[in-house]
Structure formats: structure tokens, C-alpha cells
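My notes are below, in the order I checked them.

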Amino acid sequence: MSTVVHEGGQRQAETGNGSRGERRMALFSLENRVGRISAQIAFLVAVLLTWHWFTVSGLIPKILVAGPLDVLNSLWTSMQDIATGGSMAEHFWTSAQEILLGFAFATLIGVAMGALIAEFKPIRTLVVPYVVALNSMPRIAIAPMVLVWFGFGTSSKIVMSLLTATFPILIATATGLTASDRATQRLMRAYGATRWQTFRKVKIYDALPYFFAGLEIGITLATVGAIVGEFMGGNAGLGYVILVAQESLNLPLVFSTLILLSFLGTGLHRLVLLLRGRVIYWKTEDDEKSIQKSK
Amino acid sequence: MNVDIAGVSKIFHTGDGERVTALKDVSVKIQPGQFVSLLGPSGCGKTTLLNIVAGLTNQTDGNVYFSEQTQPGFMFQSPTLLPWRTAVDNVLLPAELGGRPKLAQRRADATLEQRAQELLRTVGLSGFEHRYPEELSGGMQQRVAIARALLLESSLVLMDEPFSALDEFTREAMNLLILDVWAARGFTAMFVTHNVFEAVFLADRVLVMTPRPGRIVEDVTVSLPRPRTSDMIGSDGFAADVRRVRQAIQSFWLGDSE
């Protein structure tokens with residue numbers, strides 16, 4: 001009898017310990033939301049502290065890397081400027097506009113060409129080799145020509161943006177439109193579906209997950225394209241700000257503008273994910289086709 | 001409706017220039033309202049024959065005659081439901097497909113939606129009309145597929161191993177269900193399967209097929225009375241029919257391997 005009680009007591013103590021330990025673990029546990037976020041913040045703080053220590057200790061000269069405090073300070077100033085509609089606001093919105101317009105055109109062109117390539121074999125045969133060749137051409141090498149053709153204003157940046165973002169969208173669309181399984185195609189043929197009916201009622205839906213994966217890559221590349229365009233010449237946009245700040249050795253501004261850019265990029269990427277969630281209302285077999293479900 | 005398959009052959013050309021005779025001189029007459037099983041091991045051409053009847057594959061030789069023009073109903077091995085459509089919208093799909101005159105005719109039919117709802121009730125899915133396929137079990141999905149096959153009131157329904165992916169118990173329930181709807185509607189049914197028991201239990205006639213080249217080697221008339229019930233599965237009559245079908249397969253099978 002006594003041993004049983006003893007065992008019971010011991011077991012209780014063990015479980016008590018266990019749950020306390022588990023609770024402590026939960027704060028940084030990657031298994032739940034709170035834990036994940038706190039772990040992510042802790043990681044960021046650790047990186048910032050290390051960075052701070054390196055710059056303060058003088059191991060890295062301030063002329064090469066700005067300290068985190070200077071950067072945060074500069075970021076705060078920039079954000080205030082954006083909120084109050086200062087010059088930084090103009091740069092921010094110029095870049096945003098270039099990216100969005102470039103992305104919009106890239107989507108239109110990518111979808112149209114992707115659909116033509118997927119649906120018409122002669123077009124596929126004729127066009128695909130050149131599409132691949134064009135795609136392998138580094139966009140940054142085209143930038144000077146684009147500047148000559150489209151001028152120093154926003155249009156050259158929009159063109160750069162669309163040139164960079166079109167291909168992944170095109171390829172994703174073409175792949176998606178040919179992704180319908182054979183069984184479904186057999187069903188459609190069996191009921192005498194016309195080609196257009198199969199396209200409209202099956203292929204478009206099957207293509208959507210691929211299409212959005214393409215959009216996710218596209219929006220990121222649209223940002224790259226627009227900023228490369230701004231680097232090449234012009235007088236507005238966040239890329240231009242970075243260029244000018246670098247020339248005047250204003251490193252905190254360079255860094256804080258980079259952070260602003262990543263805010264912009266993340267925001268736009270989120271927008272695509274939001275749209276994806278709205279459009280694809282049914283469960284797809286692989287929801288992980290979204291390349292970055294950062295949650 | 002009558003289906004008259006007359007001297008149908010099919011030769012496939014493989015990638016390396018080889019010729020494979022999938023069907024050789026297949027002839028069979030199917031009477032209106034008959035339930036016919038096409039039974040055979042894989043590679044015997046039973047699916048090819050079904051595809052030719054469906055007009056999905058062209059025969060190399062021979063003809064298939066129908067006593068009337070109709071859009072057949074279809075069931076496949078997988079339910080092939082569109083995941084972005086609810087059950088009732090999946091059932092309605094066949095009505096949205098086809099050429100202009102066909103479509104116009106169906107659009108004029110205002111009772112279609114009502115019929116789709118009724119069909120879902122018939123296959124035991126009332127309350128699930130607006131669920132998406134993802135939310136339904138495999139058996140329930142195949143029930144939706146049955147309803148879809150019946151939407152156009154086809155006088156011919158072609159089924160290609162529709163229950164082979166289901167577990168034994170679900171399959172039996174599905175067999176009884178398909179017999180119910182067949183008895184109520186009186187369509188002509190062609191049912192492809194590689195399951196001897198299923199073939200016998202469902203059919204009036206079992207067409208036994210063997211491969212290399214694909215052909216019908218035996219036309220077994222099932223003696224079990226209608227309506228079929230699940231306790232017939234253990235009966236002597238059933239066992240006798242199964243034995244006849246198996247013998248037909250085995251004699252050719254063993255003969256083949258010699």
C-alpha cells in the first residue's frame with residue numbers, strides 16, 4: 001500500500017515539474033504563435049545588440065557600417081516625414097507607384113503570354129526559346145538602354161520593373177494552365193466540353209495556385225526592377241535616396257531606407273497573399289505552393 | 001438504348017514504333033436497359049472499349065451503332081469532382097458543357113437545379129448540397145459522381161471501375177445504390193471492373209475479356225434474380241455464376257501462359 005502512495009506522489013511531483021518546464025519552454029517554443037513571435041523578437045534583439053556592440057566598440061568603423069541607434073533614428077525621421085507628406089513621402093510613394101504599375105503590367109503581359117503559350121502549340125514552339133533567352137539576359141544590363149528609350153522619369157522605372165517581374169508570372173501561368181489532371185480532362189471531353197469551356201471551367205481554377213506563386217515572386221522582382229531603374233538615373237524614389245545618401249556618406253539614411261524598402265516589399269507581398277486567400281476560396285491540394293507563408 | 005459493337009479493333013502505336021493490339025475484332029450487342037459488366041485483368045482493353053463507346057477514342061476498325069443519339073452519363077475510377085464547386089454545382093456541370101444547340105436546350109430546362117438537388121437526395125446526400133468535395137469522404141464524393149452521371153437522364157451510363165478505390169463496405173453500399181438508381185431509371189449500363197464478385201452481383205451479362213490481344217472470350221448470363229440484395233452474395237446461385245465467370249477467365253489465362 002505504502003509503495004503505491006509513494007509512487008503516486010512521486011509521479012505527481014514529476015508531472016508538476018514537467019508542466020512548469022513546459023510552460024517556461026512555451027515562451028520561446030516554435031510550436032505556438034506566442035512562442036514563435038517572442039523567439040523571433042528575441043533573435044532580432046540579439047542581432048541588434050551584437051551590431052550595436054560592434055559599432056560602439058570600434059571594431060567596425062562607423063564610416064563603413066552605421067550603428068543600429070543611428071539607423072533607427074534615421075528611420076524614425078523618415079517615417080515621420082512620410083506621415084507628414086515631406087520629401088521622403090514623395091520618394092516612398094514614387095517607388096511604390098513604379099513597383100505597382102510595373103507589377104500590374106507584368107501581370108497583364110505574363111498572363112496573356114503564359115495563356116497563349118499554354119494553349120497554342122505553334123506559339124509555344126515559336127516563342128518559348130526566345131522567352132527563355134530573354135529571361136536569361138541580366139535585366140540590369142538592359143537598364144541603360146531602357147533609360148535611353150524611356151527617359152529619366154518614372155516610366156523607365158516602370159518598364160524595368162515589368163521587365164523583371166514578367167517572366168516568373170508568365171512561366172507560372174503557363175505551367176498552371178497545363179497542370180489539370182488527366183482524369184478531369186477526360187471527364188470534360190466525355191461530356192463534350194468545348195476547349196473554351198474546359199479552359200474557363202477547369203484550367204483557370206487549376207492554374208490559380210501556380211499563378212499566385214508566380215505573383216509572389218513577381219512582386220518581389222518588381223521591387224528589384226524599379227530600384228535598379230532608380231539607381232541608373234532619375235531624381236525620385238527610394239533607390240535614388242539610397243544613391244544620394246551613399247554619395248554624401250550618410251550611412252544611417254542608406255540603412256534606414258533599405259529597411260523602408262523591405263517594409264514596402266513585405267507589405268506588397270502581404271497584399272498578394274491576402275488577394276490569394278480571397279480568390280482561392282477552396283482548399284488546394286498543396287497550400288504550400290505559396291512560397292512564403294511567413295506566419 | 002441499343003448499343004451494337006460490331007467488329008471493333010484498336011491498335012495503338014507506342015513511342016518506339018511498336019504496334020499493340022488493344023482490341024481485336026470485338027462484337028457484342030447490348031439490349032436497352034441491360035446492365036453489362038466488362039470484366040478482365042488490366043491490359044485486356046476493357047477501358048479502351050468503354051472509351052470507344054464513349055467516343056473518347058477512335059477505333060482502328062469496326063463500328064459502334066447506337067439506336068438513338070444521346071450524351072452518355074459517366075463515372076470514372078476517381079470521382080473527378082471540381083474542388084472549387086459545391087456538390088450541387090458539380091452535379092450540374094454536365095449541363096453546362098457541349099455545343100450550342102445542346103446547351104440552349106439545357107438552359108431552357110428550368111428544373112435542372114431542382115433535379116440536381118433531387119439526385120443528391122437520391123444518392124443519400126441531402127444536407128450536403130453546398131459542401132465542397134474536400135469536406136466529403138471518398139464514398140460521398142463518388143455518390144456525387146453518381147448524381148452527376150444521372151443529371152442528363154442519359155439512356156446510357158458508362159462506368160469505368162468507379163468503386164475500385166473504395167473500401168469493401170463502401171463498395172457494397174455503392175453497388176446496391178447503383179442498382180437502385182438503375183432499376184428506377186432503366187438506362188443501359190456498361191460497367192468496367194476487375195472484381196469478379198462485383199461484376200456478377202451487378203450485371204445481367206458479364207463480358208469476360210482477356211489481354212494480348214484484348215477480346216471478349218465469354219459472354220456469361222447471370223442467373224441471379226432481380227432485385228439483387230446483399231444476402232444473395234452468399235447464395236449458391238451467386239457462387240455458381242462466379243464460378244462460371246472464373247472458369248472462363250482461368251481457361252484462357254492458363255492457356256495463355258503455356
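Which strands of chain B does helix α6 (residues 168-185) lie across? I keep in mind that this is a predicted model. I found that α6 of chain B lies across β3, β5, β6 and β7 of that chain. Its direction is at about 140° to β3(B).

Next I looked up α1 of chain B, residues 46-54. This helix lies across β3 (35-39), β5, β6, β7 (188-193) and β8 (205-210) of chain B, and runs at about 150° to β6(B).

Then I went through the sheet itself. I read the strand order in chain B as β5-β6-β7-β3-β8-β9, an open sheet of six strands with mixed pairing. At the edges I have β5 (73-75) and β9 (215-221) of chain B; each has a single partner strand, so one side of each is left without a neighbour in the sheet. On average, neighbouring strands here are turned by 15° against each other, ignoring direction.

β5(B) runs parallel to β6 (residues 156-160) of chain B, and three bridges join the two. In that pair, I see B:F74 opposite B:L158 of β6(B).

Last stop was chain A. Is A:F152 buried or exposed? I noted it as exposed, because its relative accessible area is 56%, and over 50% counts as exposed. A:F152 sits in the loop between α6 (139-150) and α7 (154-177) of chain A.

Technical notes:
Residues are numbered from 1 along each chain as its sequence is written. Chains are lettered from A and ligands numbered from 1 in the order in which they are written. This is a predicted model: local features need pLDDT of at least 70, side-chain atom pairs count only at pLDDT 80 or more; totals for chains, interfaces and linings use all residues. Side-chain values use heavy atoms; hydrogens and water are left out. Helices (H or I, at least four residues) and strands (E, at least two) are DSSP runs, numbered from the N terminus. Buried means under 20% relative accessible area, exposed over 50%, partly exposed in between (1.4 Å probe, protein chains only). Two strands pair if DSSP finds at least two bridges between them. Axes are lines fitted to C-alpha atoms, for helices over the stretch in contact, and angles run from 0 to 180 degrees between N-to-C directions. Contact means heavy atoms within 4.5 Å.
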